[in-house]
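The following paragraphs are intended to be read with the sequence and the coordinates side by side.

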Amino acid sequence: MRLGFHPAGTSAPGAMLPRAVAGLGPLVLFAAVAGATLAAAVSGGNPALALLPAALVGLAYAAASAPLRLSAAALLALLLAAEDHGDIALQWRSPLAVVGDLLHFRVDAVAGIPGVAVTGTEVALALLFAVWVRRRARGDRTDAPDVVEPASILRSVLVLYVGAVVLSEVVGLARGLPLAPWKLRNLLHPLALALLFLAAFRAERDQLLAGRVVVFAALCRAVQAVVVQQVAAAETGGPLAHATSHGDSVLFSVAMVLLVVDLAERPDGRRLLRAAVLLPVLLMGAVENNRRILWVMVGLMLIAWYAVGRRQAWGRAVTRVLVFSLPVVALYVGVGWDRGSRVFAPVKILRGVTDTSRDRSAYWREVENWNIAMSMRQSPLLGVGLGGEYTEVMANDDVSAGFKEYREWPHNTVLGLLLLMGVFGATAVLLLPALVVFLSVRSYRLAATASQRVAAAGTLAAVVACQVLAWGDTGAHFPQYKVVLALAVAVSARLASATGAWPARPRQLRPTFA
C-alpha cells in the first residue's frame with residue numbers, strides 16, 4: 001500500500017483532527033454562553049443581564065450578516081434613544097434603562113463583570129469595524145460601493161485631532177498627572193463613530209436613513225420626557241425639574257430643524273402633514289425637559305440656516321418679514337424684560353441666559369469661566385494636561401454632589417479644552433467642527449438637489465447644537481453630543497465631494513518609459 005493513499009470516502013488521519021476541532025466550535029460557544037448566562041443570573045444584579053450573553057451572540061451574528069448601513073443605523077438609534085441612569089439622576093428609570101447603561105458606561109460597572117473596562121459602545125464599534133475589515137479583505141459585496149469619496153481634507157484634520165489628544169495626555173503624564181481614560185473617551189468616541197458612519201453611510205439614501213433615525217430617536221425621547229413627568233408625579237411626589245439630560249436638547253433641536261428645513265426646501269402636503277404631527281410632539285418633550293439651552297440652539301440654528309440660504313425664495317420672504325417685525329420684537333422684549341407673566345416667557349428665557357444677576361446658574365458659570373481663565377495662566381500653549389483640572393481662585397457653589405469631576409471637565413467645555421490642551425491642542429480639536437461648518441455651507445450653496453440642501457443644513461445645525469452645548473454645559477460628556485457630531489462629520493465629508501464643495505483630487509499618472 002502506498003503512503004498517502006486513502007480509499008474513497010475516507011480522510012487522512014491528519015485531516016480528521018482539524019475537522020473534529022472545528023466541529024467543537026458550536027459546542028464551545030454554547031457552553032460559553034450558558035456559563036455566562038448562569039454567572040449573570042446568580043450575580044444578584046439586574047435579572048435582565050442574564051439575557052446579555054445570548055443577546056450579544058445574536059447581535060454579532062446579525063451584524064456579520066446584515067449590510068453595514070443597517071447595523072450602523074441600529075447602533076445610531078440605540079445610542080440616541082436609549083436612556084441611562086445619568087439622565088434624571090436616578091429619580092426615575094424605565095425598565096429598559098439597562099440598555100443605555102450598557103452602551104454608555106463601562107461593562108464592569110454596569111454588569112458587575114470584573115476586568116471588562118470597556119463600554120458597550122466600544123464593543124459595538126470593535127465588532128462593526130471587524131465586520132467591515134473582513135468584508136474588505138474578502139471582497140464581499142454585501143455593502144454598496146462608494147458613490148463618492150469623502151473630502152480628502154478630513155483625513156488631515158482627523159490626524160491632527162488625534163495627535164493633539166495624544167500630546168495633551170503625554171503632557172499631563174509628564175507633569176505627574178493621572179491617566180484620564182474617561183476624558184479620552186469623550187474626545188475619541190466622536191472620531192471612532194465618525195469613521196463607522198463614513199464606512200456605513202455612503203450614498204444619499206444612507207444620509208436620508210440617518211436623518212430619519214435622528215428624528216425617530218428624538219420622538220422616542222420626547223415621548224419618554226412626557227411619560228417621565230407624568231409617572232414621576234405619582235411615584236416621586238411631584239414633577240421633576242427636568243425629564244432627561246442636557247444631551248437631549250441637541251437631539252430635539254436637530255430633529256426640529258430637519259423637519260422645518262425639509263418642509264421649506266420641498267413644500268408639499270405630505271411634508272406639511274408630517275411637520276404638523278411631529279413638531280408638536282418634539283415641542284412637548286422639549287417643554288417637559290425644561291432646558292433653556294435648547295431654545296438657544298434652535299434660535300442659532302435658524303439664524304445660521306437663514307444666513308446661508310437667504311438668497312433663496314424662502315429666504316427673501318423671511319427677510320421681508322424680519323424687516324417689518326423688528327420694531328414689534330424690540331418693543332415686546334423691552335416691555336417684557338422685567339415681567340414674569342407667561343406671555344413674556346421667551347423674554348424670561350433670554351434674560352435668564354444673558355443676565356447673571358438674576359439667575360444663579362448663569363452666575364455659577366460666569367464664576368467658573370473666570371476660574372478657568374485664571375488657571376490657564378499655568379500653561380497657555382500646551383495646557384495643563386488632559387488629566388488636570390482648574391483651580392477655584394474665586395469661591396463658587398459646590399456642585400460635586402451631582403458632578404464630582406466638575407473641575408476636571410468644566411461645564412464650559414470650550415474653555416476647558418483651552419485649559420487642558422492649550423492653544424495648540426484646543427485649536428486642533430475645534431478645527432473638526434469648524435471644517436464641518438465650512439463644508440456644510442459650501443455644500444448648501446452648491447447643492448443640485450433639495451435633499452442635498454437638507455443634509456447640508458442638518459449638518460450645520462448639528463455643529464451649532466453641539467457647540468452651544470459645549471459652551472453652556474459639559475458637551476462631549478453626553479452621548480448625544482458625540483453621536484450627532486460624528487454623524488455631521490461623516491455626512492458633510494461625503495456631501496462635500498458629491499456637490500463639489502471639496503473637489504476630489506485628480507489622480508496623478510506615473511510617467512512610463514518605453
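Which residues does leucine 282 touch, not counting residues up to four places away in sequence? In this predicted model, leucine 282 touches Ala218, Leu219, Ala222, Phe252, Ala255, Met256 and Leu259. Leucine 282 itself is found in helix H12, and it is buried, because its relative accessible area is 0% and the limit for buried is under 20%. The C-alpha atoms of leucine 282 and serine 253 are 8.6 Å apart in space, although 29 residues separate the two in sequence.

The chain as a whole may be considered next. The protein contains 19 helices and 0 strands. Of its 514 residues, 45% are buried. Among contacts with a separation of 6 or more, 73% are accounted for by residues 24 or more positions apart.

Helix H5, residues 97–104, illustrates burial at the level of an element: it is mostly covered, with 7 of its 8 residues buried. The buried residues in H5 are Ala97, Val98, Gly100, Asp101, Leu102, Leu103 and His104. Burial also occurs in a loop, as alanine 243 shows. Alanine 243 lies between helix H10 (204–235) and helix H11 (247–265), and at 1% relative accessibility it counts as buried. Between alanine 243 and glutamine 229 there are 6.2 Å from C-alpha to C-alpha, with the two residues 14 apart in sequence.

The crossing in which H8 passes H9 is left-handed. On the H8 side, the contact is made by Leu154, Leu158, Tyr161, Val162, Val165 and Glu169, and on the H9 side by Leu184, Leu187, Leu188, Leu191, Leu195 and Leu198. These residues comprise 11 nonpolar, no polar and 1 charged.

H9 also packs against helix H19, residues 479–499; here the axes come within 8 Å and cross at roughly 40°. H9 and H19 are therefore oblique to each other, and H9 passes H19 in a right-handed crossing. From H9, the residues Arg185, Asn186, His189, Pro190, Leu193, Ala194, Phe197 and Leu198 meet Lys482, Val483, Ala486, Leu487, Val489, Ala490, Ala493 and Arg494 of H19. The contact of H9 with H19 divides into 11 nonpolar, 2 polar and 3 charged residues. Leu198 is named in the contact of H9 with H8 and also in that of H9 with H19.

How many aromatic pairs does a search of the whole structure find? The search finds 2. The rings of tryptophan 182 and tryptophan 409 have centres 6.3 Å apart and planes at 55°, so this pair is tilted. The pair links distant parts of the chain, since tryptophan 182 is in helix H9 whereas tryptophan 409 is in the loop between helix H16 (360–375) and helix H17 (413–446), 227 residues apart. Tryptophan 182 has 25% relative accessibility and counts as partly exposed, while tryptophan 409 is buried with a relative accessible area of 2%. Phenylalanine 197 and phenylalanine 201 have ring centres 5.5 Å apart and planes at 20°, so they form a stacked pair. Phenylalanine 197 counts as buried at 1% relative accessibility, and phenylalanine 201 is likewise buried, with a relative accessible area of 3%. Phenylalanine 197 is also one of the H9 residues that meet H19.

A point of backbone geometry remains. Most residues other than glycine have a negative phi. Asparagine 290, by contrast, has a positive phi, near 60°. Asparagine 290 is found in the loop between helix H12 (269–289) and helix H13 (292–309).

Definitions and conventions. Residues numbered from 1 in each chain as written. Predicted model: local features only at pLDDT ≥ 70, side-chain atom pairs only at ≥ 80, totals over all residues. Heavy atoms only, no water. Left-handed = near helix turned anticlockwise from the far one by under 90°. Helix = DSSP H or I, 4+ residues; strand = E, 2+ residues; numbered from the N terminus. Contact = heavy atoms within 4.5 Å. Nonpolar A, V, L, I, M, F, W, Y, C, P; charged D, E, K, R; others polar. Phe/Tyr/Trp six-rings, centres within 6.5 Å; stacked < 30°, edge-to-face > 60°. Buried < 20%, exposed > 50% of the residue type's maximum accessible area, 1.4 Å probe, protein only. Axes fitted to C-alpha atoms, helices over the stretch in contact; angles between N-to-C directions. Parallel < 35°, antiparallel > 145°, perpendicular 65-115°, else oblique.
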